[in-house]
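Open the model in your viewer and keep the selection panel handy.

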Amino acid sequence: GSTIGILGGGQLGRMLAVAAAQLGYRCHVFAPEDAPPATDVCAAVTRAEFSDAAALTAFAGAVDVVTFEWENVPTAAVRLLAGLVPVHPGVHSLEVAQDRMAEKQFVEWLGGRTAPWAPVSSRAELDEAIARIGLPAILKTRRFGYDGKGQARLHSADDADAAWDAIGQQPAILEGMVEFAHEYSVMLCRGADGRMVDWPVPVNVHAGGILASSSLPAPSLVRAQAADAVALSRRIADKLGHVGVLTCEFFACRDGLRFNEMAPRVHNSGHWTIEGSLTSQFENHIRAVAGLPLGPTDLVLPRVEMLNLIGDQADDWPRLFAEPGTHVHLYGKGASRPGRKMGHVTRLGR
Ligand code: ATP
Ligand code: MG
Ligand code: MG
């Protein structure tokens with residue numbers, strides 16, 4: 001087919017659509033927001049709610065295959081679409097990745113080690129969880145968290161009431177605080193035939209719960225753990241029957257790796273692959289979704305650095321364009337707001 005439907009209209013959808021265009025595909029975005037970033041570069045846009053069955057049905061009739069750039073698309077919408085048109089990745093990947101408890105159980109079942117955690121569905125259960133997990137700890141909503149939102153840190157038992165209120169008294173998990181040396185992510189892409197490629201593993205630095213940078217080569221502790229992290233991520237992708245890019249975030253601890261979370265989609269920590277890899281995450285995702293062979297993931301140059309432009313960091317973009325060798329990406333979001341991802345820059349070196 002030649003039209004790819006994308007659920008969600010953010011910057012990830014925008015970069016997917018740019019990659020798809022290069023391969024000769026048209027993209028049709030389905031998103032509830034008014035003029036989100038992807039719509040500038042897409043041939044067609046449906047602005048409707050994910051609960052709108054008529055709009056979903058019309059969308060399915062207008063596209064040849066559907067993918068998503070946002071992992072919180074309601075599974076009911078994806079099920080409806082999957083009855084009408086191929087959807088990659090499938091609903092199983094979404095279901096597991098949408099729920100931190102299902103995600104942790106799934107990965108533990110596959111032999112992965114996570115932070116110590118306990119379910120919390122009531123204020124009383126939070127006390128039980130604190131007794132089991134200990135402090136400091138992080139209370140995280142099971143669903144809809146991103147960029148550190150839906151999380152509250154607990155340093156003493158006195159913080160429990162405030163933490164429970166801060167996350168809106170929703171179903172949650174309590175995670176023990178992990179003392180990590182570094183954070184990193186495994187990005188892989190699985191084709192419909194089950195063949196997989198994975199990218200060299202970057203080290204990720206977060207600030208205030210938001211990704212600030214991804215760079216390669218990663219420190220030696222990360223490089224020493226990368227093969228095990230990739231092997232676990234490949235098992236996850238196989239068991240999910242995942243088709244497309246899958247991203248798994250890890251903590252590098254002195255005593256080994258711990259799985260943090262997964263995203264069943266292209267990911268901010270892989271933006272460096274646009275210039276830094278022989279095939280970008282966006283191109284390989286489109287190739288997988290379209291049923292094409294996947295491209296190689298080798299580094300173009302040994303050093304790569306991707307810096308996010310968050311809030312007003314994007315405002316001095318003329319200076320960035322003036323830097324030789326700096327690749328500037330702006331997402332066309334208009335006025336900057338604190339904590340908002342406005343763009344990124346990538347630099348390569350020897
Ligand atoms: P994303 O935007 O990556 O989806 P998120 O909101 O889902 O993020 P997490 O990845 O769970 O959140 O946490 C955000 C950051 O907070 C992590 O990258 C890490 O820096 C820190 N963090 C999360 N959980 C723990 C933990 N158990 N121990 C120590 N630090 C943690
Ligand atoms: Mg997350
Ligand atoms: Mg994360």
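Domain bounds here come from an automatic or database domain assignment. That assignment gives domain 1 (3-87), domain 2 (116-176) and domain 3 (182-349), so colour these three ranges before you go on. This is a predicted model, in which local features need pLDDT of at least 70 and side-chain atom pairs count only at pLDDT 80 or more, while totals for chains, interfaces and linings use all residues. Residues are numbered from 1 along each chain as its sequence is written, with chains lettered from A and ligands numbered from 1 in the order in which they are written.

Next, select domain 1 and domain 3, whose centres, taken over C-alpha atoms, are 22 Å apart. Domain 1 brings 17 residues to their contact and domain 3 brings 16; two residues are in contact if their C-beta atoms, placed from the backbone, lie within 7 Å.

Stay on the side of domain 1 that touches domain 3. α1 (11-22) and β4 (65-68) each supply at least two of its residues; helices (H or I, at least four residues) and strands (E, at least two) are DSSP runs, numbered from the N terminus. The largest share, seven residues, comes from α1.

Now select ligand 1. Around it are 17 residues, the closest being A115, Y146, E175, V178 and H206; a residue counts as near if its C-beta atom, placed from the backbone, lies within 6 Å. β6 (137-141) and β14 (256-263) are the elements that give two or more residues to this shell.

Where does ligand 1 lie relative to domain 2 and domain 3? Both domains give residues to the shell, so ligand 1 lies between them.
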